[in-house]
Amino acid sequence: GDKFKITKTVNNPVHMMKLKENKTRENIVITVGRMHSIKRQWHLIKAFRIVKDLYQDSRLVILGDGELRPKLEAVIAQYNLINDVDMPGNVENVQDYLAKAKVFVITSRCEAMPCSVLEALSAGVPVVSCDSPGGIREELGISNDIKNISTPLMGVCGILTPYIQEDGMNTISCEEKILAGEIVRLLKNDKLRTNMVTAAE
C-alpha cells in the first residue's frame, strides 16, 4: 500500500553467536525465551515426551525464567521427564548451549520477529516452529500464501508445523505429535540439518 514509496524496511539486528567449531552436536532440543504464557513451553515439553521415547539419549534445554516455571516443572513431572529436561534459568552464555544443540523449537502463541530464532540460525541450529501470527514464516523462508496449515511446511532453514490449539495437559494433542515428528526428522537427518544451516548463512 506504499504508493508514494515513503517507507523503508529495517531488518531486525541479531546478536551473531560466536561459537567454537563443534562437529559433534548432541541430540539436544533447545528453546530460549521467558517463561510466560505467550511462549507456551508446555507444548514443547509434551512433544518432547514422544521425542524421548524415540531417542533415549535426547535432552531438552529450556533457557529463560519467569512466573511460568512452577507450571512447567509440574508438566515435566507429569510426563516423567524430570531427569531429561534442563532449565538453568537466565544465562549469559547462550551460545555454549546452542553449540551443543541440534534443533531449536519455538511454540509461542504469537511472535513479532523473534531474535531467538535468528540467533539459533546464526549458531547453526535449524528451527521447528508452530505456525503463529508474526514474522516466523519470513525467518524460516516460508510463504504466507498457505494459511491454517494442517501438515508441516518445509522452509529454507526450518520447518513450520500447525498452530497448537489448547486442549489441556493430560493428553498430547495432534499438533504436538506433529511437532514431535518434525523434531525427530531433524534429529535423525544430518543432511537436512546441514542444508538448512547453510541456507541460513
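Contact here means heavy atoms within 4.5 Å. The legends describe a predicted model in which local features need pLDDT of at least 70 and side-chain atom pairs count only at pLDDT 80 or more, while totals for chains, interfaces and linings use all residues. Residues are numbered from 1 along each chain as its sequence is written, and side-chain values use heavy atoms, with hydrogens and water left out.

I183 belongs to helix α6, residues 174–188; helices (H or I, at least four residues) and strands (E, at least two) are DSSP runs, numbered from the N terminus. With residues up to four places away in sequence not counted, I183 touches V29, L44, V51, V103, V105 and V128. Its relative accessibility is 0%, so I183 counts as buried (buried means under 20% relative accessible area, exposed over 50%, partly exposed in between, with a 1.4 Å probe and protein chains only). The largest nonpolar core has 55 residues, and F104 and I183 have the most contacts inside it. Such a core is a set of buried Ala, Val, Leu, Ile, Met, Phe, Trp, Tyr and Cys residues joined through side-chain atoms within 4.5 Å. C-alpha to C-alpha, I183 and F48 are 8.6 Å apart in space and 135 residues apart in sequence.

Seven strands form an open sheet in the order β3-β2-β1-β4-β5-β7-β6, with mixed pairing. The edges are β3 (85–89) and β6 (153–154), each with a single partner strand, so one side of each is left without a neighbour in the sheet. Two strands pair if DSSP finds at least two bridges between them. Strand β5 (residues 127–130) pairs with strand β7 (residues 158–161) in the parallel sense over four bridges, and V128 stands opposite I159 in β7.

β1 and strand β2 (residues 59–63) are parallel partners over five bridges, and V29 has L60 in β2 as its bridge partner. Four of the five residues of β1 are buried, leaving the strand mostly covered. T31 lies in this strand, which spans residues 28–32, and counts as buried at 6% relative accessibility. A polar atom of the T31 side chain lies 2.7 Å from the backbone oxygen of V105. This is a polar contact, defined as a pair of N or O atoms within 3.5 Å; within protein, one must be able to donate a hydrogen and the other to accept it, and residues adjacent in sequence count only if both atoms are side-chain atoms. Not counting residues up to four places away in sequence, the residues touched by T31 include Q41, L44, V61 and F104.

**View D. Charged groups over aromatic rings.**
The charged end of K71 sits over the ring of W42, 3.8 Å from its centre. R40 lies over the face of Y163, at 4.8 Å from the ring centre. A charge sits over a ring if NZ of Lys or CZ of Arg is within 6 Å of the ring centre and within 35 degrees of the ring normal.

K5, in the segment before β1, has a positive phi of about 55 degrees although it is not a glycine. At 71% relative accessibility, K5 counts as exposed. N80 is located in the loop between α2 (69–78) and β3. Its phi is also positive, near 55 degrees, in a residue other than glycine. N80 is exposed, with a relative accessible area of 60%.
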